Amino acid sequence: MPRTEWEDLPEAVRDAVLARSGPVSDVVPVYGGLTCPVTVGLVTESGRWFVKGAPEADYAAYGSLYRERLVYPLLEGVSPGFGWKVEADGWELMAYEWADGRHAELGSASPDLPLVAGVMLAAQEITVPHYVPVPTMAQLLRPHLETAEAGLLGGSTLVHRDTNPFNLLVGVDQAWMVDWAMAAQGPAWVDVAYTAVRLMEADTPVEGALEWAAGFPSWRDAVPEAVAAFVRATCRQWETRAGAVDCMPSNRRFEALLAGVHA
């Protein structure tokens, strides 16, 4: 995604931010985000903030901000606190408290895995109220689900769906899950499944990833038929996106999940 740097934002947008934050003493580039053209750290009179934003004309990025704004009131203790929002000159920017952490390492020997598990366990306690209109896992995977499979993916737990290392920040004694632009609701074990696959991508052996997943009650209690439906639909989705050959490495990792849940 093309980036817009802080100094390239319209003056009216920067003025609106300064009106909320106070004078800016330092601007810290933040890279790695895929959903918003503006991601930056600001050291200001009122504190240090992580700011992300998009123009209203960028439908996809603006939509991701909207979804994140919907679920953020639910995320106390799981994600850095929300600070403020500004709208000016066709742009929307949102500011969050700066988390003093680094991106998680998900390899088999990583000391970060217990902290990541801790924040994910906390997130699994969050249910989506009926008035928060986030999509369900069944809706998101519907094009790739058989008719009989859709009913297996019900659930009201808030799920992140994109637990890559850029979205998992680790501090001295806690971790945070950030960037909830892909939030949905569904079974509590969904993020465990996605993260176990991320562990495999980071060269954790399958057995180690499944052992890590088994530390979650939601995974131990998962209905095997529901996990199988999720895996089959996800593999079909990747084949549609990447093609029958390029999807194979990812699909093998998802298929490996079945051994853990059936066991």
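**Briefing: cavity, pockets and cores of a predicted chain**

The largest cavity is lined by Met120, Ala123, Gln124, Leu158, Met177, Ala188 and Asp191, where a cavity is, on a 1 Å grid over the protein atoms alone, a set of points at which a 1.4 Å probe fits but cannot get out, and lining residues have an atom within 4 Å of a point. The model is predicted, and local features need pLDDT of at least 70, side-chain atom pairs count only at pLDDT 80 or more, while totals for chains, interfaces and linings use all residues. Residues are numbered from 1 along each chain as its sequence is written, and side-chain values use heavy atoms, with hydrogens and water left out.

**Overall form**

- The chain has nine helices and ten strands, these being DSSP runs numbered from the N terminus (helices H or I, at least four residues; strands E, at least two).
- A compact globule of 263 residues would have a radius of gyration near 18 Å, and the 19 Å of the chain agrees with this; the radius is taken over C-alpha atoms, and the globule rule is 2.2 Å times the number of residues to the power 0.38.
- Along the principal axes, the C-alpha atoms fill a box of roughly 55 × 40 × 40 Å.
- Of the 263 residues, 50% are buried, where buried means under 20% relative accessible area, exposed over 50%, and partly exposed in between (1.4 Å probe, protein chains only).
- Among contacts (heavy atoms within 4.5 Å) between residues at least 6 apart in sequence, 68% join residues at least 24 apart.

**Nonpolar cores**

- The largest nonpolar core has 63 residues, and those with the most contacts inside it are Trp180, Trp189, Trp212, Trp219, Phe230 and Leu257; such a core is a set of buried Ala, Val, Leu, Ile, Met, Phe, Trp, Tyr and Cys residues joined through side-chain atoms within 4.5 Å.
- Helix α5 (residues 190-201) gives the most to this core, supplying eight residues.
- A second, separate core has 16 residues, including Leu9, Val13, Val86 and Leu93.
- Leaving aside residues up to four places away in sequence, Trp212 touches Leu113, Val116, Ala117, Met120, Val192, Thr195, Ala196 and Leu199.

**Cavity and pockets**

- The structure holds one cavity of 30 Å³ or more, and the largest cavity has a volume of about 40 Å³, a volume being the space filled by probe spheres set on grid points that are joined across faces, edges and corners.
- The lining of the largest cavity divides into five nonpolar residues, one polar and one charged, with Ala, Val, Leu, Ile, Met, Phe, Trp, Tyr, Cys and Pro counted as nonpolar, Asp, Glu, Lys and Arg as charged, and the others, Gly among them, as polar.
- The largest pocket has a volume of about 670 Å³, a pocket being an open set of points with protein on both sides within 12 Å along at least five of seven lines.
- Of the 30 residues lining the largest pocket, Phe50, His103, Phe166, Asn167 and Val178 are the closest to its centre.
- The second largest pocket holds about 330 Å³ of space, and among its 15 lining residues Arg161, Tyr194, Arg198, Trp238 and Phe254 lie nearest its centre.

**Arg236**

- Arg236 has its place in helix α8 and counts as partly exposed, at 26% relative accessibility.
- Not counting residues up to four places away in sequence, Arg236 touches His144, Leu145, Glu146 and Glu149.
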